[in-house]
Amino acid sequence: MIILGIETSCDETAASIVKAEKSNIKILSNIVSSSMELHSKTGGIIPEIAAREQIKYMIPVIDDALKTANILPGNIDAIAVTVGPGLIGSLLVGVETARTLSYVWEKPLIPVNHLFGHIYINFIDDDLRKIENFPAVALVVSGGHTDLVYMKNIQSVKWIAGTRDDAAGEAYDKIGRLLGLSYPAGPVIEKLAKSGNPKAYNFPRPLIHEDTFDFSFSGLKTAALREVEKEKSLTDEKVKNISRCVQDAIIDSLVTKTINAAKKYNAKFIILGGGVAANQTLRDRFLANLSMLGINFFAPVRNLCTDNGAMIAVAGFFNQNFIDWKNITANPELYFD
Ligand code: KG4
Ligand code: ZN
């Protein structure tokens, strides 16, 4: 089937055409327009600005996705759209566009949970789809979420644990702001960390030795703030060292908790999703730590880790709960279960 996927939960305006059969899933187009440049100046997303930009870009992005894929609206079988979680103004742009197109083109709608998108995009990998050897544990690690979920099979997603305060991406972004880095800070900190001294600071790894799979990252931000405030101006060296030690603390927490959960739940493989999953150091750490354990590891290619329409189309393919245009609603608080 051919699915148009629409994603507008945060600052991106994204649309994609995916051709999906059980044996083969192909992304025919994947267009992402971001208002990030506007937000990088303010150090974070201003919801109203994001939604206004999305209204401008929504139709051109869908048009581009159709043209790039060489697909006419008549050839589409369904429209998958993010209904939550996310910013309400942003979600409404996607949902109301999908509703209108569904009515005009007479195509069914599939409401998609954004978090499922980050998980299911992994299954475009032919090798992964062939694995019938579940269960699996997935780590969704983004700007808004850090969640561990248990997958008994490809259809079943059950929440295990999550962050008690900040998400991992949020920690990167907030600490980036303290360091005067541009938004989003995740990729910038990853780069700076490469030349930082891992022994410069001993930042906390809360809950790491406790009997819980929950995460906590707000203490890390406070610890970094204390170091920043110690000096009048930050030297480049200090920024690199803080970047390195912050990233090491975040990665330690993510990798330790996820592998502990995988062991407890007897997972045959771990999958990653969300913007922070684009971090190569994190991926390398998983690979290194899992090589001795016989647990497989999968993560999407980097441009499919951050928000995009293909992940929504693919999640729609695996969860075909078609609904009528009259019944779709945006839900900013949507979560697992
Ligand atoms: O999934 P995503 O695009 O949007 C949300 O659903 O939140 O994730 C965005 C987050 C931001 O916090 C950004 O700093 C982080 O992902 N991120 C990274 C990297 N690339 C993006 N964090 C660490 N390392 C990266 N390379
Ligand atoms: Zn996301």
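A polar contact is a pair of N or O atoms within 3.5 Å, where a pair within protein needs one atom able to donate a hydrogen and the other able to accept it, and residues adjacent in sequence count only if both atoms are side-chain atoms. By that criterion a polar side-chain atom of H118 lies 3.1 Å from an oxygen atom of ligand 1. This is a predicted model, in which local features need pLDDT of at least 70 and side-chain atom pairs count only at pLDDT 80 or more, whereas totals for chains, interfaces and linings use all residues. Residues are numbered from 1 along each chain as its sequence is written, chains are lettered from A and ligands numbered from 1 in the order in which they are written, and side-chain values use heavy atoms, with hydrogens and water left out.

**Ligand 1**

- Taken alone, ligand 1 exposes 550 Å², of which the protein buries 91% (accessible areas by the Shrake-Rupley method with a 1.4 Å probe).
- Ligand 1 is surrounded by 20 residues, the closest being G143, D173, E190, G275 and N279 (a residue counts if one of its heavy atoms lies within 4 Å).
- The shell around ligand 1 divides into six nonpolar, 11 polar and three charged residues, with Asp, Glu, Lys and Arg counted as charged, Ala, Val, Leu, Ile, Met, Phe, Trp, Tyr, Cys and Pro as nonpolar, and the others, Gly among them, as polar.

**Zinc ion (ligand 2)**

- The protein donors of the zinc ion are H114 (NE2), H118 (NE2) and D307 (OD), at 2.0 to 2.1 Å (donors are N, O and S atoms within 2.8 Å of the metal, or 3.2 Å for Na, K and Ca; water is not among the atoms, so sites may look incomplete).
- Along the chain these donors follow the spacing H-x3-H-x188-D.
- H114 lies in helix 4 and D307 in the loop between strand 10 (296-298) and helix 11 (309-318), so the pair ties together parts that are 193 residues apart in sequence (helices, H or I with at least four residues, and strands, E with at least two, are DSSP runs numbered from the N terminus).

**Backbone**

- Most residues other than glycine have a negative phi, and most peptide bonds are trans.
- G84 and P85 are joined by a cis peptide bond with omega about -10°, and P85 is in the loop between strand 4 (78-84) and helix 3 (88-105).
- The peptide bond from Y183 to P184 is also cis, with omega near -5°, and P184 is in the loop between helix 6 and helix 7.
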